[in-house]
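Have the sequence and the coordinates open as you read.

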Amino acid sequence: MMNEKGAVAIADSFSIVPSQYAQRISEIFTLITEEEENLKKAIYMMRGLIQETEARMV
C-alpha cells in the first residue's frame, strides 16, 4: 500500500514536475487544518501546482 509520501516521491521524479514539488506538497499537507485561512491557502497552492504542471505539458 502506498501512502502520500511514497506518491509524492514518485511524482517528484517525473520529467514534468513543478519546481520544488515535494516541498510544496508537504507544505500543502501541513496547511490542511480546521482553520479556514489555512485551507484557502492550501487550495490556492494546489491550484498553482496544477497550473504549473499543465503549462509544462504543452
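Start in helix α3, where A42, M45 and L49 are buried. Seen down the axis of α3, these buried residues fall within an arc of 65°, so they line one face of the helix. Turn to the other side of α3 and you will find E36, E37, Y44, R47, Q51 and A55 exposed. Keep in mind as you look around that this is a predicted model.

How far apart are the end C-alpha atoms of α3? They are 31 Å apart, and this agrees with the 30 Å that the 21 residues of the helix, 36-56, should span at 1.5 Å a residue.

What covers the buried residues of α3? The cover includes α2. Is R24 buried or exposed? Its relative accessibility is 19%, and because the cut-off for buried is under 20%, R24 counts as buried. Leaving aside residues up to four places away in sequence, R24 touches P18, S19, M45, G48, L49 and E52.

Finally, step back to Q20, in the loop between α1 (4-12) and α2 (21-31). Here the backbone deserves a look: phi of Q20 is near 55°, a positive value in a residue other than glycine. Q20 also counts as exposed, because its relative accessibility is 55% and the cut-off for exposed is over 50%.

Terms used
Residues are numbered from 1 along each chain as its sequence is written. This is a predicted model: local features need pLDDT of at least 70, side-chain atom pairs count only at pLDDT 80 or more; totals for chains, interfaces and linings use all residues. Side-chain values use heavy atoms; hydrogens and water are left out. Helices (H or I, at least four residues) and strands (E, at least two) are DSSP runs, numbered from the N terminus. Buried means under 20% relative accessible area, exposed over 50%, partly exposed in between (1.4 Å probe, protein chains only). The expected span of a helix is 1.5 Å times one less than its number of residues. The arc is that of the directions from the helix axis to the C-beta atoms. Contact means heavy atoms within 4.5 Å.
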